[in-house]
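Hello,

Here is the structure I promised to pass on to you. Below it you will find my notes on what turned up when I went through it.

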Amino acid sequence: MIAIQTLEDLLLLRESVALECKLAAGRDGKGALPDDFWPTYSAFANTNGGVVLLGVREKNGGFVLEGVQTPDKIRTELFNNLNNRQKVSANLLVDSDVQEFTLEGKTLLLIEIPRASRQQRPVFLTLNPLAGHTYRRFNEGDHTLPDEEVKRMLAEQVEDSRDDRILVGYGIGDLDVETFRAYRQVFSNRDPGHPWNSLDDQEFLRQIGGWRRDRETNEAGLTLAGLLMFGQMVTIQEALPHYMLDYQERPEAKTERRWIDRLTLDGKWSGNLYDFYRKVYLKLTADLKVPFQLEKGERQDETPVHVALREALANVLVHADYTDRASVLVVKRPDMFGFRNPGLMRIPVEVALQGGEPDCRNRTLHKMFRLVGVGEQAGTGIPRILQGWKAQHWNPPKLYESTTPYNQTLLELRMIDLFPEQVIQGLRARFGGDFDPMPYEERVALALAASEGTVNHARLCAVSSAHPVDISRTLQHLTQMGMLESTGGRGAIYHLPGMALPTPEDVFGPPLASLLPRQDLIPSSPDLGASSPVLPASSQVFPHLRDAQGCLLSEQLPLPVINDLGLLDPALRAALEALARVPRDKKKVEREVLERVLLDICKGHYLTLQCLAELVNRRPESLRNGYLSRMVRTRSLSLAFPTTPTHERQAYCTTSSLPPTSEGGA
């Protein structure tokens, strides 16, 4: 239960959860449940839950308490509508989810909306889930879901396993013989005396779930799991047009798409999941050092990292929604391993991290992998991955969901020490004996601020298992102790004391408008008309040092800044325009294509929003809202000015271009 006693608690709550404030004054001013509560209810339920505060108005990053006059009436109206199927499809609330409390003499209502379970989603308005009656939360707004996505939710709701359906017209002849033989050999080697070893292929396939008969319809044939696990690429793509597997080994710790090794569906191998797993696992573990270790007198050839990678690779394959549009993607870089599967998680991320509540999307596939020693079907996969990484004292794995451009779940396993020794020594020198006795989350916050320049609530959540509210209190306590300083209201940025974060004014000088003469001071003549103001030249507006290529140099930033394409060396401008040629010429391009272009043109320097928009031929606001903000959140791009993320003169560079201690805030 959330406890609100002061306005400060409201600020903490706003940083910790999705929060929506509504006045609830009603037409007569005496109080009523607002109509726009219901899209928010649907959106929170279909995303990750959230809190609605009735009687509060947000203004300029703060709260204005208006209060509600008839809380009992609003509570009654709320539950009456929740239990009315013509209003909303599911009631997720109990009495304790609706709290009445008084703050500064005003009565407020707090409604805590949980995330709906898979069996309850989609939560929709009216009796029809389609045609714009189902919502999801994106950023800070409630948005209707397209019918295709709603239908996918409905399928997830009723199908405990998505891979056990019988494929009419498909049979054992559609399997890759070599893959199936290899699987049977591994199965036999693990348990030579198993009775299934003597079965013929079809019966063995039936025992493991790759072939079955429907007793009601008498329909029999290959299951989707059987085809995915052992099928031929062309046949699999006939059944699943969006099916795509991709492994890439990239040579540098960068987000660029260049690779030195790739395995994808190119017709040179079977293209099924079992072969993909066998080939990719060997590639992932090829460079891992295996220390000499004995257990019960036998040498152990696997480390906790091997186990973690095996679980991660199996997880990405058995949890994928192969009807969705994203591909299965596995990336190996010198600094990390990355895994992406199409489809969102069936349980909340925090539940998956704790383990013990399995809800696998493809249970038959999971069973097939378990029978050859991969995975346990007990909800322990993610905890085992966490344990493997913790054993190396590496940055904790990051598990998260994304809905743009398609539904996908991502797992990042970074091989980076969470506490680099030089950073810890610097913090000990700064804070003396106060640092080591501090709680773990506080030391992590300070280490991130020292190594990355800034830290915020979202970043700390990514590397800590603490509750979001406790993380908010951690940041607040460090600020009160003078160990961190904060800038900004909602989504505050924190940094070490005395560390001046640059602002656009520091780098570019005052806005152009402030340098122009005021219109009321410009003389005019009835004969000649109003005199035209003389605009200062760019060199007058920005009288700063520029390098030979026309880029702005500033002591406050680690990289040069491109803020005016007209001042660039023609060769550099031509090179940038060549990199941006595809989006410059086409209005519609794939998201991945435009993101790749943005990374290419932001490499090695900062580019202002206006220059970026001009290069890729997009409107600045749509470019920032649709692409740049997300790329900053995923840390592929960094901000020049983290304290003012939406400033009109904000500039962006690739995070990989920055020195290790200069990463811009997210």
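A salt bridge here means a side-chain nitrogen of Lys or Arg within 4 Å of a carboxyl oxygen of Asp or Glu. Please keep in mind that this is a predicted model.

By that rule the count comes to 39 salt bridges. One of them joins Glu-20 to Arg-137, with the closest N and O atoms 2.7 Å apart. Glu-20 sits in strand β1 (residues 19-22) and Arg-137 in strand β7 (residues 135-138), so this pair ties together parts that are 117 residues apart in sequence. Glu-20 counts as buried because its relative accessibility is 18%, where buried means under 20%. Arg-137 counts as buried too, at 10% relative accessibility.

Another salt bridge pairs Asp-335 with Arg-414, and here the closest N and O atoms are 3.7 Å apart. Asp-335 belongs to the loop between β15 (328-333) and β16, while Arg-414 is in strand β18, so the pair ties together parts that are 79 residues apart in sequence. Asp-335 counts as buried at 13% relative accessibility, whereas Arg-414 is partly exposed, with a relative accessible area of 24%.

A further example is the salt bridge between the side chains of Asp-436 and Arg-428, at 3.1 Å from N to O. Asp-436 is partly exposed, with a relative accessible area of 44%, and Arg-428 is partly exposed as well, at 31%.

Now for the chain as a whole. The chain has 24 helices and 27 strands. Of its 666 residues, 49% count as buried. Among contacts with a separation of 6 or more, 63% are between residues 24 or more positions apart. The accessible surface of the chain comes to about 31500 Å², and 50% of that belongs to carbon and sulfur atoms.

In soluble globular proteins, nonpolar side chains tend to be buried together. The largest nonpolar core in this chain has 67 residues, and the members that touch the most others are Tyr-183, Phe-276, Leu-313, Tyr-322 and Phe-339. Helix α10 supplies the largest share of this core, with nine residues. A second, separate core of 28 residues includes Cys-551, Ala-580, Leu-612 and Leu-623. Leaving out residues up to four places away in sequence, the residues that Phe-276 touches include Leu-245, Tyr-247, Trp-269, Leu-313 and Val-330.

In α13 (residues 381-391), the buried residues are Gly-381, Ile-382, Pro-383, Ile-385, Gly-388 and Trp-389. Their cover includes α10 (304-318), β16 (336-342), α11 (349-354), β17 (398-402) and β18 (408-414). In helix α23 (residues 609-616), six of the eight residues are buried, so this helix is largely enclosed by the rest of the structure. Those buried residues are Leu-609, Cys-611, Leu-612, Ala-613, Leu-615 and Val-616. Just after α23 comes Asn-617, which takes a positive phi of about 60 degrees.

On to the aromatic residues, where the count is 15 aromatic pairs. The rings of Phe-37 and Trp-38 have their centres 4.9 Å apart and their planes at 85 degrees, so this pair is edge-to-face. Both Phe-37 and Trp-38 are buried. Phe-187 and Phe-204 also make an edge-to-face pair, because their ring centres are 5.3 Å apart and their planes lie at 80 degrees. Phe-187 is in helix α5 (residues 177-190) and Phe-204 in helix α6 (residues 201-208), so the pair ties together parts that are 17 residues apart in sequence. Both Phe-187 and Phe-204 are buried.

Finally, a sheet. Three strands form an open sheet in the order β19-β21-β20, with antiparallel pairing. At its edges stand β19 (455-456) and β20 (485-487), each with a single partner strand, so one side of each is left without a neighbour in the sheet. Three bridges join β20 to the antiparallel strand β21 (residues 493-495), and Ser-486 stands opposite Tyr-494 in β21.

Happy browsing, and best wishes

Technical notes. Residues numbered from 1 in each chain as written. Predicted model: local features only at pLDDT ≥ 70, side-chain atom pairs only at ≥ 80, totals over all residues. Heavy atoms only, no water. Buried < 20%, exposed > 50% of the residue type's maximum accessible area, 1.4 Å probe, protein only. Helix = DSSP H or I, 4+ residues; strand = E, 2+ residues; numbered from the N terminus. Contact = heavy atoms within 4.5 Å. Areas by Shrake-Rupley, 256 points an atom, 1.4 Å probe, with all protein chains shown as cover. Pairing = 2+ DSSP bridges. Core = buried A, V, L, I, M, F, W, Y, C linked by side-chain atoms within 4.5 Å. Phe/Tyr/Trp six-rings, centres within 6.5 Å; stacked < 30°, edge-to-face > 60°.
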